[in-house]
There are 4 protein chains.
Amino acid sequence: MKSTVEISAQIPFNSSLPMILPKTPQLTSEQIAEITAIVGEFGCTLQPIIGTVRTIYAIVGDERDELMINRLEGLAYIDRIDRIQSPFKLMDRRSDLANHRVKIGGVTLGRELLIMAGQCTIDPKNPHYFIETAHAVKEAGAQVLRGGVWKPRSNPYSFQGDNKSLDILMDASRRTGLPVVTEVMEPEHIQLALDAGVTVLQVGARNALNYSLLRQIGRAIAGRDTAVLLKRSLHMGPLNEFISAGEYIAAFGNPNVILCPRGTTPTMDGYRNHPDESITPLLKEKTWAPVVVDPSHSVGKAIYVPACALAAVAYGADGLVIEAHVSPSHGIGDDPKQALTPAVLAGLITQAHAIHSLRQSAS
Amino acid sequence: MKSTVEISAQIPFNSSLPMILPKTPQLTSEQIAEITAIVGEFGCTLQPIIGTVRTIYAIVGDERDELMINRLEGLAYIDRIDRIQSPFKLMDRRSDLANHRVKIGGVTLGRELLIMAGQCTIDPKNPHYFIETAHAVKEAGAQVLRGGVWKPRSNPYSFQGDNKSLDILMDASRRTGLPVVTEVMEPEHIQLALDAGVTVLQVGARNALNYSLLRQIGRAIAGRDTAVLLKRSLHMGPLNEFISAGEYIAAFGNPNVILCPRGTTPTMDGYRNHPDESITPLLKEKTWAPVVVDPSHSVGKAIYVPACALAAVAYGADGLVIEAHVSPSHGIGDDPKQALTPAVLAGLITQAHAIHSLRQSAS
Amino acid sequence: MKSTVEISAQIPFNSSLPMILPKTPQLTSEQIAEITAIVGEFGCTLQPIIGTVRTIYAIVGDERDELMINRLEGLAYIDRIDRIQSPFKLMDRRSDLANHRVKIGGVTLGRELLIMAGQCTIDPKNPHYFIETAHAVKEAGAQVLRGGVWKPRSNPYSFQGDNKSLDILMDASRRTGLPVVTEVMEPEHIQLALDAGVTVLQVGARNALNYSLLRQIGRAIAGRDTAVLLKRSLHMGPLNEFISAGEYIAAFGNPNVILCPRGTTPTMDGYRNHPDESITPLLKEKTWAPVVVDPSHSVGKAIYVPACALAAVAYGADGLVIEAHVSPSHGIGDDPKQALTPAVLAGLITQAHAIHSLRQSAS
Amino acid sequence: MKSTVEISAQIPFNSSLPMILPKTPQLTSEQIAEITAIVGEFGCTLQPIIGTVRTIYAIVGDERDELMINRLEGLAYIDRIDRIQSPFKLMDRRSDLANHRVKIGGVTLGRELLIMAGQCTIDPKNPHYFIETAHAVKEAGAQVLRGGVWKPRSNPYSFQGDNKSLDILMDASRRTGLPVVTEVMEPEHIQLALDAGVTVLQVGARNALNYSLLRQIGRAIAGRDTAVLLKRSLHMGPLNEFISAGEYIAAFGNPNVILCPRGTTPTMDGYRNHPDESITPLLKEKTWAPVVVDPSHSVGKAIYVPACALAAVAYGADGLVIEAHVSPSHGIGDDPKQALTPAVLAGLITQAHAIHSLRQSAS
């Protein structure tokens, strides 16, 4: 026969509800005293949930403080602490920002499929290629122009970009009327890009956890129309870490954050990275932020890009960012390997819109 | 100034062309003698490719023997051995089987999208559910009926399946006219399934590298119309290992091998497994075998299944194997979590065909 | 102001205490009714844990049934179900078997470091190598002789082993007085090995989740002194899955289960596999079963083996299983690459015992 | 009958020797012309290695240019390009720097085991803890004092460090005579740390691929005695990427680079990260740089740290960096979870030296 329980009032769990799971069936009174003292320092109390075989303990109060959790996790008799709710205030899909919509160049993300396309790297010695690419991607259906000015390179002796390319980028923007996206890596880049009129700042995968850079960008674009294309880091980290990086931007007052899966290592024998467009539905359960997938870096070879791009749309992506070049073999950076020709891009965009419509009509 | 070279005749590399890369710029004459002796035991010779800075060495002859390679790799002065070509004779897309087409229930894989659907597990105590599911998946557009008779379970105390379910499976097959697929795990299962008239034998992910089972299946179905749905193992192993498992079946005379990506561990926080439909284009570069993706196990939850299924078709899959149930909450095994209702399945099949047509028309 | 709570009696949680976490702050009464009905079918009841912001729900009763959990996880309004305690009855370190000690050849695992050594594969055409290796590993300090009779090979055209090798193995055992370990892959192998007098049956990594084989072994050795060396599967699966495979053996009445980490894929550029000796302390928190690490397959190359072996002992392993050969270059299978010479093995064993003593004296 | 070959002169391969592997047995003359034109732009020529079944093509000249390789990899008829030698000039163990030894606080890395220990985070409100910890770790045997001043935090609302802690760090350094290591994340930090007299600058795992920061550090410490403790990034990237990050520092004239494995994600159920001390032997084959392992972040919990630390020494690490605190529960940052007490640290250091000696005497 089971014993019963009466709960005379609501246990005052707050939204995050950490539960302490001890290693033993119950804690001793000394252990409870120790924990109570710790949580007390943070204005919280301890609430036992008593069972016939074991007891677990809820922490009640404003328990968001990581330090308190860290101190508790350091106690030898605690097995683990389960936390339940969202660690982010602004990026959470249940937050006040949930109805915010990111708009770029007339496209509202989430309503219409956004296509960003252009070169991995602008060649400062041959600007005409980029100008031609810009016209070609517009013709193919892209709404935002991508062009790399500064490049993070694992080899310190490789070409690292050139400020002159920024002029070429903006010239192409003016000629085509397309807003532009480019990667920034240093405080100096942020200011140069904003002064020039860049619409979307990209944070690259290698800097996705560079919180100094995220903070600097957040500060620089607070209150502006600028958006941030935040690439997922190279490691298969938890999704919350990815979304939290976006929280750094939003916390300074700019909610125009776009999450960009782009493949993680380890590689999948044959692809450059491990394609990760499949996280799209999982991200959308957690955050309101739009998801724009980068198939070019995910697979790393032009012939594999279209299938990956279409799969991303099938998974519910709000947009795609694709490398394209009028003459890939004359590109620099990753373009010779990864860039699509304008003709292939145009066919892909048509198919992507068809799958996007299929999904919209079904849901 | 560079020195030059004249090649007076073809270097007799054979198709697999292993290249020995030493740790030092050149090998000593003693080392060369040792290697020459080893490769000589296997009827091969050594061919140096001499450079200004370093020399590499090709092995010439019938060098497919793994033992020879293993012995060479064991030499301390060898860094590694690069091999270039396919390790499989029959599954290779350039093999004599390249024009073979797998046909199931009137559908030729590669021409038409094949949909297999049905329950993870047949409940022997409530056979009517499976009969209803069979009619419902046929109505929804499935061409093959899936039903689990025997189950591999990590918990030794869980339900492991029941021979009675085989009768239910075949009864449903007769009533609907659909061919059936079911998993076999032991020699006894193979014979029972074949005697009963099962069309497709499934090898589960946990047995994907159980070569004894693969050999037994190969022997049992040699010369028959039976096909094998070979699930990818749970580990993120190299694709060649996956295809080689198929070679075990084909080597006994039955080329009706279907490769089935179904997600690998580690899990992607939120999904049951790490979805792997993206390997489809890579598999198709290596083998002629059709690829049928299992989105149900990849994501492990009904609400995520449709997006994953559509992404698989976008990646070029030849078919899908999907868990469905007339009343998922009454299912046993994985059905309550993973199975789609017939209505959702029908909508998904329609969309899957639309994306398949889109791809066919584009290519 | 927080409300308070009085708990009038123990909430009758049983040992496994599954907690239902809904997607919404509270469940509706319809949802509660639905859940109550499901858990009722399995003899359980639902216990709400009410908070100010959200409520979670404990399942009370004998809730070990996976089917019940699966059905609950299939409900759209449930986010997830947290389970807390051990899924295994016998392998758990708090089970009745916790004081069981596995003994092999006079060595009690956990007290003394156990060294198993010998060839990956016995060459049936050159039996003298194995006999010499047997004497040499005994001389070097090994207490158990390893010798591969049957081999699982990814290439169907490779040497798959030979029953004659079993005679060679047992001959070496008699000559040296060492008990032997060998891998079995089929029911036929189990019986042959037991009849011949094999002391430790090895289950290989590719068969670690082949529950049919585990069950057959469990049945065959119930009540015997035979032990099982259970290799970890190639995939980075959860540790519980590894231990549960051992539960299959123990559940049939033979508690002589030894867990063997042996590296998992994906590979770590340079090693054959991803070394995993570091799981040893984690396994020991969960189970009483001894842990014997295989450094040879973890790293896959003789020069890397000693460091990996010593690291395993540093991590608390109870033993090592190491490939060795009197003349590695004349070995077959993995021996030319992986096998240590007797001299290197002897030095390694001495160092391993030194580190083992260091740990024993410190703890 | 095999054909033969005479090589009239050395094929002028240079040190990196890229080999082009086409998808077809041979290239057409048009394809050869296209490739020849591309490599010609970079001052290279093409050298066919002709076989009976297939031909591969070596690129001869100064082929280090990534752009050339990228352009070649973009050609549809090329399967892949194999490169053989080291991508780094200074960090390579065969480079001119191979005899360079990093010295810190009187300890020459590679000769003597270096122990760095101290707090994850200095609490600016309670400086006395850090001063006490400094004395205690010196007493326990540490030769370098660790103390975190600035912290990269995934949660933007967490404590991010405080410049005041730098004064506390240097005060502890003066009182104990120990040199110090601390993490820097921004240009401003570098200058502040150098001006204050920090001996070792740490680059954290999240910034391991932040090439802007690496370049800034390289410039700032060129020609100084300062060393850099370069943590491995969180992702399981190739080892060359890790070593190349060190090349960024060395390329500016400071060869005092220390590589620090610290665990990678994904986590190993139970540990904070995936311990990676096992890469030590692989790093040492590629680079002369000393390897100092961080067991604290690898496992993330104090009770697991000693085993991981000893395993690192068993794998050949030149040093350890360990979190310690006189009163872990009063620590901030990761200290409550990860920090060892001085007593445990002292015991661990003794054991670490014993294993280090064991290895030295054996080799």
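Here is a short walk through chains A and D, one selection at a time.

Before you click, know that this is a predicted model, where local features need pLDDT of at least 70, side-chain atom pairs count only at pLDDT 80 or more, and totals for chains, interfaces and linings use all residues. Residues are numbered from 1 along each chain as its sequence is written, while chains are lettered from A and ligands numbered from 1 in the order in which they are written.

**Stop 1: chain A as a whole.** Colour 19-82 as domain 1 and 96-362 as domain 2; such bounds come from an automatic or database domain assignment. The C-alpha centres of these two domains of chain A are 44 Å apart.

**Stop 2: strand β8 of chain A.** Select residues 144-147. Strands here are DSSP runs of E, at least two residues long, and helices are runs of H or I, at least four, numbered from the N terminus. In a regular strand the side chains alternate between the two faces of the sheet. Are the residues of β8(A) buried or exposed? Val144(A) and Arg146(A) on one side, and Leu145(A) and Gly147(A) on the other, are all buried (20 or more other C-beta atoms within 10 Å of a residue's own, with C-beta atoms placed from the backbone).

**Stop 3: the neighbours of β8(A).** Gln119(A) has Gly147(A) as its bridge partner. Now show helix α3(A), residues 127-140: with β7(A) and β8(A) it makes a right-handed β-α-β unit (clockwise from the first strand over the helix to the second, with the strands pointing away from you). Next comes β9(A), residues 180-183, parallel to β8(A) over two bridges. Arg146(A) stands opposite Val181(A) there. The chain gets from β8(A) to β9(A) through α4(A), residues 164-176, in another β-α-β crossover that is right-handed.

**Stop 4: the sheet in chain D.** Which order do the strands take in this open sheet of eight? Look for β12-β11-β10-β9-β8-β7-β14-β13, with parallel pairing. At the edges, β12 (257-260) and β13 (292-293) of chain D each have a single partner strand, so one side of each is left without a neighbour in the sheet. Helix α7(D) packs on this sheet, touching β11 (227-231) and β12 of chain D, and its direction makes about 160° with that of β12(D) (axes are lines fitted to C-alpha atoms, for helices over the stretch in contact, and angles run from 0 to 180 degrees between N-to-C directions).

Terms used. A residue is buried if 20 or more other C-beta atoms lie within 10 Å of its own, exposed if 12 or fewer, and partly exposed in between; C-beta atoms are placed from the backbone. Two strands pair if DSSP finds at least two bridges between them. Two residues are in contact if their C-beta atoms, placed from the backbone, lie within 7 Å.
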